[in-house]
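Here is a short briefing on a structure.

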Amino acid sequence: MRPHDEELDEEIRGHLAISIKERIERGEDPASARLAALKEFGNVTLTRDSIRRVWRHRWFDAAEALGRDLRFALRSLLRAKGLAATVVVTLALGIGANAAIFSVVRGVLLRPLVNRDEDRLVYIRQSQRGTAADNMTFSVPEVNDIRSRVTAISALGEFSTVDFNLVGLLDEPRIVKAGVVNGSFFDVMGLRPVLGRLLNAHDDGPKAAPALVLTYRFWAESLKGDPQVIGKIVRLGPTTATLVGVLEPSVPYPTDTEIIANVVSSPHHLGATMVTNRTHRMTELFGRLAPNASIDEARAELTAVEAGLVRQHPEAFSKRATTQVTVTRLRDQIASPARTILWVLLAAAGVIFIIACSNVANLILARSVRREGELAVRAALGAGHGALRRTLLAESIVLCGAGALLGVVLARPLVGAVARYAARYSIRALDVTVDSTVLWVGAGLAIAAAVLLAYVPRLPSQQASSSATSWLRWTRRRLGAGGPAGFGLASGIRITPGTNRRLRIFATTQIAFSFVLLAGASMLVATLVRLQTANTGLNMRQVRVFDVPPTATGVFGPKVAEFYSEASRRLATLPGVEAVAVGSTVPWRDAGTMPRAQVAVEGYTPANGEENPYAAMRIVGPRFFAVLGVPLLQGRDFTDDDGVGEAVVIVNQSFAQRVFPNGDAINRKLWWTGSLAKLFGLDKPHRIVGVVADMDDEHFVRTPAPMVYQTVRRMGFAGRLFVRTAGDPYALVPVVTRVIREIAPDQPVERAATLEDVRMQVLSPERLNAFVFSTFAGIALLIAVVGVAGVLAFSVSARTREFGVRLAVGSAPRHLLARVLSEGVVIAAIGIAAGAAGGFALARIAARFIENIQLPGALPVMGAAAVLFGAAAVASLMPAARASRVDVLQALRSE
Amino acid sequence: MAKHADQERLELLQGTLDMLILRTLLWGPQHGHGIGQAIRVQSDDLLKVETGSLYPALHRLVKRGWLKWEWDLSEANQRAKYYRLTPAGKVQLLREQDRWSQLVDAIGRVMNPAPANKE
């Protein structure tokens, strides 16, 4: 029905033609008739416009008005460039940080996995409460029992990790991390190949042909996505296997492996230990829920099955703790380590947003007070409350829009940084990309901020309030503007107590939230400094460590031991080398890889109610303690002959003090208990030949724990090389590699580092944490300082007259300085108190949802408070100085 | 838009133009010029409708569904847009006429109060 423009023109032309014709018929001459008709018609363009407006939607008018307001806002903001820039940058920081972190949160915690029907995919874990074993994994007999007894889970995928020496695929022999899986694994996981095929039921069992698939990342990065690899024959340690396929990109869990092989590829998996020993637990278990079964049913069923296992095989479980089974959705399981850190990050970003908003609110409020004259004029000229509010809204939309735009631009690189950071906690973060989430979050936050900010300033009250709708009156009441305000058209600014109070509240809010962030960050920094500077008692700079792993997992024996002692012998003759030793464990880097077990001692009965002591086992060669700088307290070090014939051990001080308080440890006998000990022949008596000082190779701050050292020679296993040098330890690396390759050409020599390097590497997540939170706290501090300075500067400039009067009646300038300074300090003090109280309450609430919430110690809190006080004082200094330098005459004349 | 139009229509009582248009079209379809002329003639030249108000009013009535238009040749052999009352328009006319007479009646009572003693 809506007419076209030509149609309108034709209608008007028709009107004129009829009118002219009538006039001519009445006897007018054509020229004057035409003129008269046009005159009678009036303004043709105007008429056409008002007709067109009839057909326009009412939103069109609103949009037009908004456009006008936006243009006006842009012009008026261009006159206040400094303010606009501060507001935009502050908002951009707040919005950018939130958008980036939310993208990562969404990518890691909320996005579904690529696996088929991923919500039916569960991860099953066996754990013991009350011991360190929160992930015991499963042994093969246990898996078989579970498989035969559950119905709520239709299929089980088994996954265990071993290292293989991979020969024949890459240029060099290399140790690769491999997953070993059963035939149903890929079916359970719901994954597809991108090339070739995956492992299936035909690849299962000891009779199948050895086969492996590559994970996508390994194939794409190390093999450059070469499609020719399918069908290649490679060597995995002693086994020869066929490469059958490449797995699609997927989240690797529980470990990121480079290849995945079938059971027959790994000699260890075929051994009797693996197949029959109930406590040889190294298998991770995945399950697919049976159709119609819920995860709760699976949980209940598995709990019952587990209880049965504990009843039937009590010897396989510790009596000190209750064993339990947990069933979690794989997606949740993968996300869980990152969950805490991501929520904390999101909270920190939220705090930054609040600080940014209060700061911006402050600036806007101060600006609107300066503008009261202008607003009053506009109100007097007939602008209603709605129109004024719309002007303010347009201004804050321009500001927040610009802030959001800059924030989203900022968020792009931030997403990458945050994702790399979060990848330390959840491998899924690596797949996070910048997507529309960033835009949506940015836009949402900008709109929230814009609406908030438009309602911060108070409008001049109108005498004729009839046009004000009830909600506007409500808003005014909310904003605390009671009665006709005392604004004037004069050039001076008057601040009502209400405005002043609001300014101070916003500044205090900023201080409070900054304090929370600062306290958190200083806690992390304090922890980091403590760890980084802790005296480990070891030779941190002159000892070079190397990973020289045995060429296949599970290979032990005299030949291995012989290789390590031969390597030590040859390396010791190199110039610059002071001493060489081998062992099982690089301090900190290999933490948690060696077992702990119970030790029985001849002639020692535990006190009532106590058990035999648990001790950590380490395997070391001769000279190990001398190389690392651990003092020998009693007895002797291992010699090259130890390990054949009589079994000997060295214990550490903690062990000796616990079991032999009288100091008579030497020549006493101990043996390991448990099924694993039996397997390795460790249940025979070992004579103690020495006592060494405690060294802690798991924590940087030493926490003494009982430890027993076995010899490399007897265990037939080492894997780590320790070389102490006189000069530059870095110059040695190629030489060491060459010497070892002379003995064994296929031998990998990897991850060379000094102990100090190891500490730096191991602490890098902590360092990154401290860095990220310090950055947040730094931003918050910066914004808060700007906020406090802004409030005081505004307050001082508005009170020039007051200061003039004070000076005139005899106040000393330094009194005024102290007065303004103290105002700043009071804001800081109230903010810090509120922040401390709020932060404490927040931690209490958070502790209900997140485990391991730590409250910062006294020192970091004091430090944060001191920094804030200092910052507030510095921020107040400039306005205070200005107050004390007020020119009396000018101030008194100014109004 | 309302403000602007209000001032132009001062000659006419607010809200009455729509009613006059509807009433005029009760005689049959007519084009814009004809409607304006008819109102002038009917009111003995007392009411003069500005085209700037007439055409927006016509289009507004079409938009509300009270009028329809069709193109036809005028007596001057000129293609013109003829407006016609719809059934809904007729109902609306009755409603407005009703309101109008109530209004005239009410204003009349205020302006010429009947003497209290009149029987």
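Two strands count as paired if DSSP finds at least two bridges between them. The model is predicted. In chain B, three strands form an open antiparallel sheet, ordered β1-β3-β2.

**The sheet of chain B**
- The edge strands are β1 (30–31) and β2 (67–73) of chain B, each pairing on one side only.
- β1(B) is joined to β3 (residues 79–85) of chain B by two bridges, and these two strands run antiparallel.
- Opposite B:Q30 stands B:Y83 of β3(B).
- Helix α1 (residues 5–25) of chain A packs on this sheet and touches β1 and β3 of chain B.
- The direction of α1(A) makes about 100° with that of β3(B).

**The contact between chains A and B**
- Chain A puts 19 residues into the contact and chain B puts in 20 residues.
- On the chain A side, the elements giving two or more residues are α1 and α3 (44–55) of chain A.
- α1(A) gives the most to that side, with eight residues.
- By type, the chain A side divides into eight nonpolar, seven polar and four charged residues.

**Helix α18 of chain A**
- Helix α18 (residues 558–572) of chain A has 15 residues, which at 1.5 Å a residue should span 21 Å; its end C-alpha atoms are 21 Å apart, in agreement.
- A:A561, A:Y564, A:A567, A:S568 and A:L571 are buried in α18(A).
- Seen down the axis of α18(A), the buried residues fall within an arc of 125°, so they line one face of the helix.
- A:P558, A:K559 and A:R569 are exposed on the other side of α18(A).
- The buried residues of α18(A) pack against β12 (577–583), α22 (712–715), β20 (720–725) and α23 (733–743) of chain A.

Definitions and conventions: Residues are numbered from 1 along each chain as its sequence is written. Chains are lettered from A and ligands numbered from 1 in the order in which they are written. This is a predicted model: local features need pLDDT of at least 70, side-chain atom pairs count only at pLDDT 80 or more; totals for chains, interfaces and linings use all residues. Helices (H or I, at least four residues) and strands (E, at least two) are DSSP runs, numbered from the N terminus. Two residues are in contact if their C-beta atoms, placed from the backbone, lie within 7 Å. Axes are lines fitted to C-alpha atoms, for helices over the stretch in contact, and angles run from 0 to 180 degrees between N-to-C directions. Ala, Val, Leu, Ile, Met, Phe, Trp, Tyr, Cys and Pro count as nonpolar, Asp, Glu, Lys and Arg as charged, and the others, Gly among them, as polar. The expected span of a helix is 1.5 Å times one less than its number of residues. A residue is buried if 20 or more other C-beta atoms lie within 10 Å of its own, exposed if 12 or fewer, and partly exposed in between; C-beta atoms are placed from the backbone. The arc is that of the directions from the helix axis to the C-beta atoms.
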